[in-house]
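Thanks for joining. Let me put the model on the screen, and then we'll walk through it.

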Amino acid sequence: LLVGLALVFFALALWLSHYMSRKATIPVANAYDRQREFVADASHELRTPLSVLMTSIEALQLETGTESDPFVTRVLDGMKEEVQLITKLTGNLMHLARSDSGDSVLEYLPFDLREAAISVVDKLQPLARAKEINMEMHVPDELRVIWDAEKMMQLLVLLIENAIKYTPTGGAVVVTLADITVKGERSLTIEVRDNGIGISPEALPRIFDRFYRQDKARTRQTGGHGLGLAIAKNIVEMGRGTIRVDSKEGEGSTFTVRLPLAGE
Ligand code: ADP
């Protein structure tokens, strides 16, 4: 009887531990999914009120015009900047939540990457000029690729914007695109080089982490939340490519992306 009881007890304990471990793992997985869904939904819901807020600020700016009280002008400019910052943050959170759930995929279509890269650099030129940064670009005369044009431009913007942001006045940023075919395998190399503040050896392994920033105190000045490189890495990984950084504090950084390309 005792052996029988011990066996029943043992079987019960085994079943209980199995049940508990299932109970413990299922809610954890669900909690993660729920959190991801919450982030995706919350950022989506925030988009409309934010754009309404932005339109209202712009309407007020138009209404008050150039002769408005300097205090009012300053307050409105400050409000606009904050709304822009939150809008960017919600867009970035939505991108990451979507890619975590596997909802985000690349849309491979043929496009002229030379033209796209030139338009990105032209768009960011005013940012560079405001800091007297000399921005150069080297791109082949002919560069047609089959890739996701929107994501490619997003990737270029993220890397070039960072190069400008983290380079002091008077510096230089060089963007190079190369189309290389080795043993029949075509690939694209994107290199964004700056001679800016560089990245410390401690920060280097962490800069692609979400919300990681080398200098947290600068969020207000540089307008970032530490999500840009996480998104850049995510885009590169969706295209089965690699991204790496070489950097020396005080000397500058070079970000290199390699992406496999389908031949056209
Ligand atoms: P953010 O720029 O919004 O802070 P990112 O994810 O784009 O976020 O970058 C993470 C961190 O990596 C930055 O805060 C900065 O410390 C560092 N970093 C990124 N690009 C550069 C660069 N070109 N030069 C120096 N530091 C950089």
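**A loop residue, the fold, and the ligand site**

Start with Glu132, which lies in the loop between α3 (113–130) and β2 (134–138). Helices here are DSSP runs of H or I with at least four residues, strands are runs of E with at least two, and both are numbered from the N terminus. Phi of Glu132 is near 55°. That is a positive value, and the residue is not a glycine. Glu132 counts as exposed, because its relative accessibility is 59%. The cut-offs: buried is under 20% relative accessible area, exposed is over 50%, and partly exposed is in between, with a 1.4 Å probe and protein chains only.

A word on ground rules. This is a predicted model, so local features need pLDDT of at least 70, side-chain atom pairs count only at pLDDT 80 or more, and totals for chains, interfaces and linings use all residues. Residues are numbered from 1 along each chain as its sequence is written, and side-chain values use heavy atoms, with hydrogens and water left out.

Next, Lys183. Its place is in the loop between β4 (172–182) and β5 (185–194). Phi is near 50° for Lys183, again positive in a residue other than glycine. Lys183 has 83% relative accessibility, so it counts as exposed.

Now the whole chain. There are six helices and seven strands. Along the sequence the pattern reads α-α-β-α-β-β-α-β-β-α-α-β-β. The chain has 264 residues, and 36% of them count as buried.

His95 lies in helix α2, residues 70–100. His95 counts as buried because its relative accessibility is 9%. Glu161 is in helix α4. Its relative accessible area is 22%, so Glu161 is partly exposed. Glu161 and Leu127 are 34 residues apart in sequence, and 8.3 Å apart in space, C-alpha to C-alpha.

On to the ligand. Where does the ligand sit? In the largest cavity. A cavity is a set of points, on a 1 Å grid over the protein atoms alone, where a 1.4 Å probe fits but cannot get out. To sit in one, a molecule needs more than half of its atoms within 2 Å of its grid points.

Which residues come nearest to the ligand? Of the 19 around it, they are Asn162, Tyr166, Arg213, Gln214 and Leu229. Near means that a heavy atom of the residue lies within 4 Å of the molecule. The shell divides into eight nonpolar, eight polar and three charged residues. For those classes, Ala, Val, Leu, Ile, Met, Phe, Trp, Tyr, Cys and Pro are nonpolar, Asp, Glu, Lys and Arg are charged, and the others, Gly among them, are polar.

Three elements each supply at least two shell residues: α4 (149–165), α6 (228–238) and β7 (252–261). Helix α4 gives the most, with three.

Finally, the polar atoms. Tyr166 has a side-chain N or O atom 2.7 Å from an oxygen atom of the ligand. For Lys165, a polar side-chain atom lies 2.9 Å from a ligand oxygen. Ser253 has a polar side-chain atom 3.4 Å from a nitrogen atom of the ligand. Taken alone, the ligand exposes 530 Å², and the protein buries 98% of that. Those areas come from the Shrake-Rupley method with a 1.4 Å probe.

Key:
Polar contact = N/O pair within 3.5 Å; in protein donor to acceptor, adjacent residues only side chain to side chain. 1 Å grid on protein atoms, 1.4 Å probe; cavity = no way out; pocket = protein on both sides within 12 Å on 5 of 7 lines; lining within 4 Å.
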